[in-house]
Amino acid sequence: MGEFGISGYKPVWLRGHSAITAAHGRRLAMLEGRRLTRALLVWDLDDDKWFTDGLVLLDFEGEQVEIVHMRFDEISITWNTVDPAQPLDWGEEFRLTWRDGVPGELAALKGQRLQAVELLEWTGADMALGMVAVGFVFPNGRVTIYNALDENGMKFGPPDHRYTRQKLGA
């Protein structure tokens, strides 16, 4: 069994803008121009809501980016390693599945071409200082996947003014 209830999954934890850019900046930038063809979240069947401790999968025409946050400032970005056709197994504590089409704001981005990818570094004077989020910009919206203090968070619309932005790519 791998981590996060996913067979064979092994996150690679990174901290800080420089480390994330070095490891994934070029590949994230290469997503620009591709359509978002699928967006999957881990869904808690008992509570009927997003299980924010699980991965976020975004598929851009066959290139799947897998994002998960941990602690206050760690992020793992992996590529094409998770098969969402396989069941999730978090033991008897949770009944989880992959779910498409939620929330509605994320589903609305499906089919749109990615215009830009940004790394967003939190500059607020709090314990999240230095945390890096990933922003995906589309013609009719955007989503930021951020660290919500040891779990994933998702924001639609412009990022908070306390982020500094670094656009990846051209």
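**Entry 1: what I am looking at.** I am working from a predicted model.

**Entry 2: strand S2.** I started with S2, which covers residues 36-44.

Next I looked up its partners. S2 pairs with S4 in the antiparallel sense, over five bridges. On that side I noted Ala 39 opposite Leu 58 of S4. S2 also pairs with strand S7 (residues 96-100), again antiparallel and over five bridges. There I noted Leu 40 opposite Asp 100 of S7. As a reminder to myself, strands of a sheet pair through backbone hydrogen bonds, either parallel or antiparallel.

**Entry 3: the hairpin.** S2 has antiparallel bridges to S3 as well, two of them. I checked Asp 44 and found that its bridge partner in S3 is Lys 49. Together S2 and S3 make a hairpin, with four residues between the two strands. Which residue in the turn has a positive phi? It is Asp 48, at about 50°.

**Entry 4: Thr 52.** Is Thr 52 buried or exposed? Its relative accessible area is 18%, and the cut-off for buried is under 20%, so I wrote Thr 52 down as buried. I also asked what it touches beyond its neighbours within four places in sequence. The answer is Glu 151 and Asn 152.

**Entry 5: the five-stranded sheet.** That took me to the sheet containing S11. In what order do its five strands lie? I read S11-S10-S9-S8-S12, an open sheet with antiparallel pairing. From one strand to the next, the twist averages 25°.

Within this sheet I took a closer look at S8 (residues 116-122) and S9 (residues 132-138). These two run antiparallel and are joined by six bridges. I picked out Glu 118, whose bridge partner in S9 is Gly 135.

**Entry 6: helix H1.** Last, I asked which strands helix H1 (residues 17-29) lies across. They are S8, S9 and S12. H1 runs at about 170° to S8.

Methods:
Residues numbered from 1 in each chain as written. Predicted model: local features only at pLDDT ≥ 70, side-chain atom pairs only at ≥ 80, totals over all residues. Heavy atoms only, no water. Buried < 20%, exposed > 50% of the residue type's maximum accessible area, 1.4 Å probe, protein only. Contact = heavy atoms within 4.5 Å. Pairing = 2+ DSSP bridges. Axes fitted to C-alpha atoms, helices over the stretch in contact; angles between N-to-C directions.
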